[in-house]
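Welcome! Take a moment to look over the sequence and the 3D structure, and then let us explore some of the details together.

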Amino acid sequence: ATWNPIRGCARVSEGCRNCYAERVAARFSAPGQPYAGLASSKTVSRPSGGGVITIYHEPHWTGEVRFVEEALTLPLRWRRPRRIFVNSMSDLFHERVPNNTIAKIFGVMALALRHVFQILTKRPERRLAWFNEYAGSVADGPLTRCYLEAQDTIGVVNIPSGNNLGDVWPLPNVWHGVSVEDQPTADERIPLLLQTPAAVRWVSYEPALGPVDFSRFLTVCDSDNPLAG
């Protein structure tokens, strides 16, 4: 399943060119539609053979993002366990997504432990900063802050109590990933992923714009201790 409590994005590297989400958003960007103000189609003219000018309509993000409050509780309404891709039409760690909004989304994921949530980003530096500076600065645990932020928006009444909420951090049902397209983006993003607290870490190598040697990022685990490394 997909879950989009955030809409809108911006290009950060060559891997963003021809983004499917950008194309979809541009199609539904007219006034009154879901992506109004978040994407647009620009008219571009390019010369082709024989002196003919071809007109293209290229989709572009505007750089604006929007928190869709009514979508926040969607995973709580899905009773059967699902694997959920978070923000297929955005990036949770876009620089314009406030820290407390990210916390709200983590709060919902904590309340829906029956699901597995996959978060993919091209901004692993923002994600690591969020974990270290925002979530990591709470005396009674980051999960407490996330629960309270979610409660502030959706009125959750069955928030667990106690002082040991931080014991289940990072959330066991949240998989953190980065998107890479070539060796330079892999070298930049994967080390930041490896520093991020996560139950599962994963890489999306798409679009494959150049070769990537992943071996430098892999560690052989001790057979007697599969968690080592």
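This report looks at a helix pair, a pocket, a cavity and some backbone details.

## Two helices side by side

Keep in mind that this is a predicted model. Start by finding helix 4, which covers residues 124–134, and helix 6, which covers residues 183–194. Their axes lie 9 Å apart, and the packing angle is about 20 degrees. Angles under 35 degrees count as roughly parallel, so helix 4 is roughly parallel to helix 6. The crossing of helix 4 past helix 6 is left-handed.

Which residues meet here? From helix 4 come Pro124, Glu125, Arg127 and Leu128, and from helix 6 come Arg189, Leu192 and Leu193. Sorted by class, the residues of this contact are four nonpolar and three charged, with no polar ones.

## The largest pocket

Now let us turn to empty space. Rolling a probe the size of a water molecule over the atoms shows where such space is left.

The largest pocket has a volume of about 560 Å³. Its lining is made up of 27 residues, and those closest to the pocket's centre are Cys19, Tyr20, Leu120, Lys122 and Ser179. Helix 1 (20–27), strand 7 (116–121) and strand 9 (200–205) each give at least two residues to the lining.

## A cavity inside

How many cavities of 30 Å³ or more does a search of the whole structure find? The answer is one. The largest cavity holds about 30 Å³ of space.

You can trace its lining through Phe106, Phe131, Trp169, Pro170, Leu171, Val174, His176 and Pro197. Seven of these lining residues are nonpolar and one is polar, while none is charged.

## Backbone details to look for

Pro170, one of the residues lining the cavity, also takes part in a cis peptide bond. That bond runs from Trp169 to Pro170, with omega near 5 degrees. You will find Pro170 in the loop between helix 5 (142–154) and strand 8 (174–180). Another cis peptide bond links Glu206 to Pro207, with omega about -5 degrees. Pro207 sits in the segment after strand 9.

Finally, have a look at Asn18, in the loop between strand 2 (6–7) and helix 1. Although Asn18 is not a glycine, its phi is positive, at about 65 degrees.

Notes. Residues numbered from 1 in each chain as written. Predicted model: local features only at pLDDT ≥ 70, side-chain atom pairs only at ≥ 80, totals over all residues. Heavy atoms only, no water. Axes fitted to C-alpha atoms, helices over the stretch in contact; angles between N-to-C directions. Helix = DSSP H or I, 4+ residues; strand = E, 2+ residues; numbered from the N terminus. Parallel < 35°, antiparallel > 145°, perpendicular 65-115°, else oblique. Left-handed = near helix turned anticlockwise from the far one by under 90°. Contact = heavy atoms within 4.5 Å. Nonpolar A, V, L, I, M, F, W, Y, C, P; charged D, E, K, R; others polar. 1 Å grid on protein atoms, 1.4 Å probe; cavity = no way out; pocket = protein on both sides within 12 Å on 5 of 7 lines; lining within 4 Å. Points joined across faces, edges and corners; volume = space filled by probe spheres on them.
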